[in-house]
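Colleague: Could we go through this structure together? I would like to begin with one of the helices.

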Amino acid sequence: MMKKIIQQLTSSNRVLLASHVNPDGDAIGALLATGIGLEKLGCEVVLYNESAIPAVYRFLPSVDNIQKQLTDLERFDTAVILDCGDLSRVGSAADSIATIPVIINIDHHTTNTRFGQYHLVDVDACATSEIVYRLIQAMGIEMDTAMATAIYTGILTDTGSFRFSNTNQAAFSTCEAMVAMGVKPSTVAQHVYGTYSLGRIKLLNLALDSIEISNNGHFSIMTVTREMLADTGTQPEDADGLINYARRIQDVKVAALIHELENGNGPSDGRKRFHVSLRSDGSVDVSRIASDFGGGGHAGAAGFSVVSSLTELKRTIYSLSDGFCGTCHLN
Ligand code: 5GP
Ligand code: MN
C-alpha cells in the first residue's frame, strides 16, 4: 500500500491535505509535516482544517498556511485525510472532499472505517504523525527542523507527554530522531503547556468544581458549559486536556467530559448539542462506547457528539457504567 500511495502522490499535481475538526496537536502536526514534505517534492499542496488552530499550536512552522476555506475543488487530483477515523471528521466539507478522484486515508484510530482508495492505517501507531514520519522517510524526503517540530508535537501531545497507553517504542525513537534534527523539547513544551491564558486556568477551576462521580465510584463526569466559557472569556479549545483531571481520580475507570457546543441551528426545545470526550484507565474500551453513539476513537480515548438535555445526557452516561463488566472490557 505504501508503494501505491507514494506513486499516487508523486504523480499528483495538486493535493489537498486535511485533518479533523477541532484539531489537536497530532491533527495539526501530521498536516504540517506532510504539507512541508510534499512541497519539497514540488507538489502544489493546500492545507485545510475547518476549525481555528488553537493558540498553543500557532508557534508551529507553516501554521499560517492552513486554510479554513476550500476553493477550486475540481482541480485536486488527490486528497490526503489525516488523523480521521471517518471522512465526516473533516467537517462540513466532507461531501465536497469525497468528490476528489483519489482519497488517501492516513490514520491510527481503532475505529477507522477504511474510507478512500488507499489506506495507511496503523492502529498500533502512537500518533498519525508517527505514520507520516514513516511515509516521509519511505519517500526519501529530506527532513528538516520544521517538519521535525511538527512530528514531535504530534507525538508529544497524542501520547499525553509519553504517559498514555499508546506510548510505544516508536514514540521515543521517532522523537529522539526529531530531537537529533534540532527540536528543543523544552521549547515545544513551553508553547504547548506553558502559555495558558489566565481565563484558561479559571476555567480549570470551574471544570474541577463540576466533577461528579457515579455511585460505584468508577465513572466521573466533568461538564464545561457555554456559560463557563463566557464567564472566563475562554474558547472551546481551552477545554483541551481538562478531562485528564477527571480520569486521575482513584478508582475511576472512565471519565467523561460533557462539552456544550454552540447551538447553531440546533433544536429550540431546550435540548442542546454536546461533544462528549471519554477517557479510560485501560480497563475499558471507550472507543466501543463512542461508536455506539456514532463517534469513535481509541480504546483509551474516544468521543462523540449528541443532541440532548444535560440531565438526560448525564443519566445516559451513568447508565453506561453498568455495562463495564460486560461488553466493554478490553480483555
Ligand atoms: P476528544 O475526546 O479529545 O475529542 O477525542 C478523543 C479521540 O477520539 C481522538 O482521537 C478523536 O479523534 C476521537 N474522536 C473524538 N470525537 C469523535 C467523533 O465524533 N467521531 C470519531 N470518529 N472520533 C472522535
Ligand atoms: Mn491522533
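Colleague: Which residues of H5 are buried?

Modeller: The buried residues of H5 are Met147, Ala148, Thr149, Ala150, Ile151, Tyr152, Thr153, Gly154, Ile155, Leu156, Thr157 and Asp158. Buried means under 20% relative accessible area, exposed over 50%, and partly exposed in between, with a 1.4 Å probe and protein chains only. Helices (H or I, at least four residues) and strands (E, at least two) are DSSP runs, numbered from the N terminus. This is a predicted model: local features need pLDDT of at least 70, side-chain atom pairs count only at pLDDT 80 or more, and totals for chains, interfaces and linings use all residues. Residues are numbered from 1 along each chain as its sequence is written, ligands are numbered from 1 and chains lettered from A in the order in which they are written, and side-chain values use heavy atoms, with hydrogens and water left out.

Colleague: Turning to the metal, which residues are the protein donors of the manganese ion (ligand 2)?

Modeller: They are Asp26 (OD), Asp83 (OD), His108 (NE2) and Asp158 (OD), at 2.2 to 2.4 Å from the ion. Donors are N, O and S atoms within 2.8 Å of the metal (3.2 Å for Na, K and Ca); water is not among the atoms, so sites may look incomplete.

Colleague: Are Asp83 and His108 buried or exposed?

Modeller: Both Asp83 and His108 are buried.

Colleague: And how many disulfides are there?

Modeller: The count is zero, a disulfide being a pair of cysteine sulfur atoms within 2.5 Å. For Cys84, the closest cysteine sulfur is in Cys126, 17 Å away and too far for a bond.
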